Amino acid sequence: MPTTLSRRTLLRGMLGGATLSLGLPALECMLNRHGTALASGTALPVRYGTWFWGCGVCPEKWIPQTTGANWETTSELAPLDVTAGGVSVKSYINLTSGMQTKLPGRFTHYPNASSILAGNHDAAAGAYGEPGGPTLDVILARQWAGRTPVSSLQVGVAQQGDNLVKQNDTSWLGDNMPNAMEFSPAALYNTLFSNSSANLKQIAGRKSVLDFVQGDMQRLRSRVGTLDAQRLQEHAQNIRQIETGLDALAKLQCVVPNPPVDPAVQVGSREPLQEVNRLFADLLVLAMQCDITRVFALQFISVSSNVTFWQVGGTGSHHGYTHAGSDPNPQVAANARDIVDKSVTFMMGELSYMVQKLASTPEGAGNMLDNSLVFATSELSDGTTHDDNNHPSLLIGRAGGAMKYPGIHYKGVNEDNATRISLTALRAVGASLPSLGVDAAATTASIPDLLA
Amino acid sequence: MPINGFGCRAQACLRASALVAWSTVAACFANGQVPGGTADAQPATTRAVFSGYPTSGLRRLTTAQYTNSVMSLLGSDFAPRVALDADSVGGDVLRSESASTLATTPHGADQYDLSAQDLAARRFATQALAADFVGCTPSLDPNDACVATFVRTFGLRAWRRPVTPDEFAAYTGAVPQFAALDGNVWTAMRMLTAAFLESPNFLYRSELGVPDPNGYRVLDSFELATRLAYLLTNSTPSDALLASAASGALSTPAGLLDAASRMLNDPRAPAAFVDFLGDWLDLDSLASRVPSDPNLFAYATPTLGASMRQEVGLMATDLVFNQNADFRDLFTRNTTFVNGDLAALYGLPGQGNAFVPVQWPQNSPRGGLFTSAAFLSSQSTGPQTSPTRRGLYIVQRIQCRTLSPPPAGAGMLPPADPNAGPQTMRQKLNAHRTQAACAACHTLMDPMGLTLEHFEAYGTYRATDQGLFIDASGEVDGQAYVGTAQMANIMRGLPEVQQCIVRHVYRQALGQHETADAEPFIASLTQQFAQSGFRMQALLLSIVSSDAFRTAQELR
């Protein structure tokens with residue numbers, strides 16, 4: 001049942017055009033006395049985000065020596081051991097080791113990523129085995145379609161990918177169907193807020209046309225082959241999503257911040273990763289706070305990324321540095337390993353920026369991190385050896401109370417299937433699905449230790 | 001298992017070698033096949049058993065096609081203002097092919113909707129604009145003649161075919177329904193226009209065809225007009241072409257040939273070809289790949305990447321449309337076009353934005369596509385050259401070979417060792433030749449990339465590499481050469497390269513990769529291409545007048 005709210009009362013007394021730094025007391029006036037649910041009895045909305053980075057970690061600087069609660073903070077995770085909004089961010093983190101991605105492939109980066117992001121990949125397509133789908137964000141966007149004006153948001157920070165500029169490995173609708181990924185914060189702003197002042201008549205007009213065009217969709221679908229019927233069905237479904245989103249929009253009011261300005265990006269050299277990431281994080285958190293969407297996927301860097309981490313002294317491809325960790329010259333190897341370590345630490349700092357933002361945004365009796373789950377993950381563990389065991393995943397947030405709190409370090413046994421982590425994340429935020437994944441990645445069992 | 005961050009983990013190496021036999025060069029080709037090498041020789045004329053026809057279905061307009069079509073329908077002032085879904089999944093799959101398979105994402109559907117609303121609002125912004133566009137005065141009468149005319153005429157132009165009776169009823173019937181919003185018939189006409197532009201009948205080109213007695217599907221005249229128009233002008237069919245379709249003039253190969261010959265003289269034809277070539281040669285990301293900051297690259301300007309791409313476009317336009325010369329001259333020609341950006345990079349006199357023709361001197365290291373800044377920069381991801389990426393680029397895009405992906409645990413170029421002293425790229429890549437697992441593929445890619453080592457990542461020339469001699473010798477298809485000019489000369493003579501040109505035109509025209517069954521057709525097209533003296537215009541006309549252009553195997 002969609003939750004519909006008018007923010008008019010909520011925003012009374014606030015000036016239009018308020019900036020991003022204004023913390024909105026989201027949903028406050030609608031809450032029950034305990035601040036745990038809406039006055040109507042509906043629970044506060046739970047949000048989900050995938051936060052992906054390519055090429056893994058340095059496991060010796062990532063995996064804590066101790067398991068269970070009170071796991072020791074390792075150097076690469078140190079940026080997440082902070083206090084924000086008066087709470088310990090670390091206490092919101094459940095992390096896993098000892099799990100293995102299961103989908104096979106000759107060039108392992110891509111099937112590894114598919115194992116954790118979808119449990120499914122299209123081994124037949126492309127030289128590398130393209131990502132399969134739907135990915136976790138798409139599964140949730142479909143299950144929750146119509147609850148919010150925008151079903152989900154997909155953004156990419158680094159533009160330099162492996163083979164492509166603006167390569168999207170993180171969000172796929174299905175086999176051979178990459179989702180659209182936004183690399184411009186200014187464009188994301190337009191998606192989110194260009195309609196916010198739309199009057200009801202315009203919305204009604206848009207809806208009439210969308211509704212009418214479905215007739216053409218149906219007529220055409222009856223004449224085409226299987227593949228095209230599937231494509232048109234996907235398109236028609238997305239049109240229906242716009243319609244339900246418009247219904248939600250008609251009832252929504254939210255303070256529109258000032259538009260961000262995109263920093264200049266030069267692909268292949270000094271990309272402003274920190275600036276772009278923070279603009280995106282601000283917009284995504286605000287979009288979830290205003291209940292414009294409840295699902296996002298953020299790709300910090302792609303699978304096998306060739307981005308340069310100039311911020312930590314890198315002068316070439318990140319993927320290149322991960323492999324140079326096995327250079328026969330020990331000095332070259334040590335230097336490369338050091339750059340990789342600093343790059344991973346840098347990325348965890350950027351993840352921490354968003355998580356801190358969620359933790360320091362009050363909501364109900366707690367904060368937004370209480371009602372969110374950020375699934376931060378990579379395609380493999382150690383980029384130098386292409387190690388697909390000890391998959392580095394972080395589940396950050398309580399997901400409305402579903403996740404174990406304070407968080408633990410869970411160590412899987414016998415190279416257990418890492419897709420179970422993904423299924424755990426989906427179920428924690430309330431998705432209902434009997435299983436996830438295909439072939440060796442298929443699983444029906446989430447990880448009970450990670451749940452409250 | 002202890003974590004060992006240094007050195008190749010034995011298990012990963014074993015796993016890689018167990019999966020693929022990396023010991024021979026043949027193992028490097030995906031499926032163990034060199035394209036075109038093994039197909040049965042089956043004459044393309046035996047229609048009853050020929051299974052080499054393409055599949056048929058819907059092709060989504062690319063962003064350029066959407067833009068061109070909208071501006072053709074509404075007027076040149078009405079450029080779309082949205083960011084549609086990406087056209088391509090990348091790799092060696094053309095946009096034209098991705099258009100046959102890509103789904104429209106939630107973002108894409110939203111953009112189509114916003115764009116249709118925005119375009120209609122602008123076209124109906126004033127009473128004068130609206131009246132000019134509709135051409136008559138509509139009313140809310142259910143049998144209004146003006147509305148009926150508009151639905152028939154705009155429907156034909158927007159959907160590239162006459163509207164069906166069902167569609168006519170639905171669209172004329174929508175006017176009173178839309179007007180319910182504010183009682184204004186012009187509001188309804190605006191919404192009707194948005195609906196035409198948001199309809200799948202506009203966004204997807206129909207190439208469905210109808211079943212014929214031989215069990216194939218045959219494209220109708222309007223579908224042929226559409227296929228022709230997007231191939232040769234990258235835009236919607238003109239009113240004249242739609243009239244030809246209606247008259248039945250396109251239903252014979254001679255009629256198609258005649259229409260196509262006229263369209264090759266259309267002022268939009270060169271831009272359509274250059275759009276295709278940019279996709280084929282992966283030149284479209286140059287504007288974002290090539291530095292614009294002079295601190296990163298001495299010759300950087302904000303327009304350098306775009307200038308590079310434009311040089312190749314001008315060379316191709318000159319070759320194909322002005323001279324109608326041997327297309328293989330693209331590899332070997334000693335003339336080009338430069339503006340100020342490129343003159344500086346190439347060390348030539350000249351400034352300003354305008355391009356002027358130049359001839360490379362006899363002793364110049366440059367000449368032809370391979371030494372153009374665009375080609376040399378296309379695969380660069382930083383200031384260091386990558387002979388492997390450049391070599392793979394030639395293997396895939398010029399030779400049409402498909403290589404297997406690297407094995408698990410394959411390495412990348414190590415960063416420079418500060419204590420090792422200067423090394424040429426050939427020395428740094430020694431392992432690619434000495435280690436059997438690497439050599440299987442790298443001996444196919446690296447040599448041509450190493451030949452280009454006289455050119456830095458963004459195309460500047462260097463006589464030496466850190467003061468060291470650059471060995472630009474190499475071998476392709478068993479023929480040894482020294483330097484890019486000799487390499488280019490060998491390449492233009494290779495049947496594989498000539499066929500690769502044909503393959504790309506086939507993929508562009510028909511929106512899909514050729515199947516193994518289509519090899520006889522590719523071979524026959526290549527023969528005709530050779531007989532024409534390798535004229536691109538002749539190749540386009542051969543494809544257009546072929547059976548495969550009109551006939552499909554089955555629905556996708």
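Biologist: What should I know about the numbering and the model before I start?

Modeller: Residues are numbered from 1 along each chain as its sequence is written, and chains are lettered from A and ligands numbered from 1 in the order in which they are written. The model is predicted, with local features needing pLDDT of at least 70 and side-chain atom pairs counting only at pLDDT 80 or more, while totals for chains, interfaces and linings use all residues, and side-chain values use heavy atoms, leaving out hydrogens and water.

Biologist: How many helices and strands are there in chain A?

Modeller: Helices (H or I, at least four residues) and strands (E, at least two) are DSSP runs, numbered from the N terminus, and chain A has ten helices and 15 strands.

Biologist: In what order do the strands of the open sheet lie?

Modeller: In general, strands of a sheet pair through backbone hydrogen bonds, either parallel or antiparallel. Two strands count as paired if DSSP finds at least two bridges between them, and in chain A seven strands form an open sheet in the order E7-E10-E1-E13-E14-E4-E15, with mixed pairing. Its edge strands, each pairing on one side only, are E7 (153-156) and E15 (409-417) of chain A.

Biologist: Which strands pair with E13(A), and in which sense, parallel or antiparallel?

Modeller: Strand E1 (residues 47-52) of chain A pairs with E13(A) in the parallel sense over six bridges, and A:Thr50 has A:Phe375 of E13(A) as its bridge partner. Strand E14 (residues 393-396) of chain A pairs with E13(A) in the antiparallel sense over four bridges, where A:Thr377 stands opposite A:Ser393. E14(A) also pairs with strand E4 (residues 93-100) of chain A, in the antiparallel sense over four bridges, and there A:Leu95 stands opposite A:Leu394.

Biologist: Are the two faces of E13(A) covered or open?

Modeller: Buried means under 20% relative accessible area, exposed over 50%, and partly exposed in between, with a 1.4 Å probe and protein chains only. Six of the six residues of E13(A), residues 372-377, are buried: A:Ser372, A:Val374 and A:Ala376 lie on one side, and A:Leu373, A:Phe375 and A:Thr377 on the other. Across chain A, 63% of the 452 residues count as buried.

Biologist: Why does A:Ile292 count as buried, and where is this residue found?

Modeller: A:Ile292 counts as buried because its relative accessibility is 4%. A:Ile292 is found in the loop between helix H7 (273-289) and strand E10 (295-299) of chain A, and its C-alpha is 5.8 Å from that of A:Val150, although the two are 142 residues apart in sequence.
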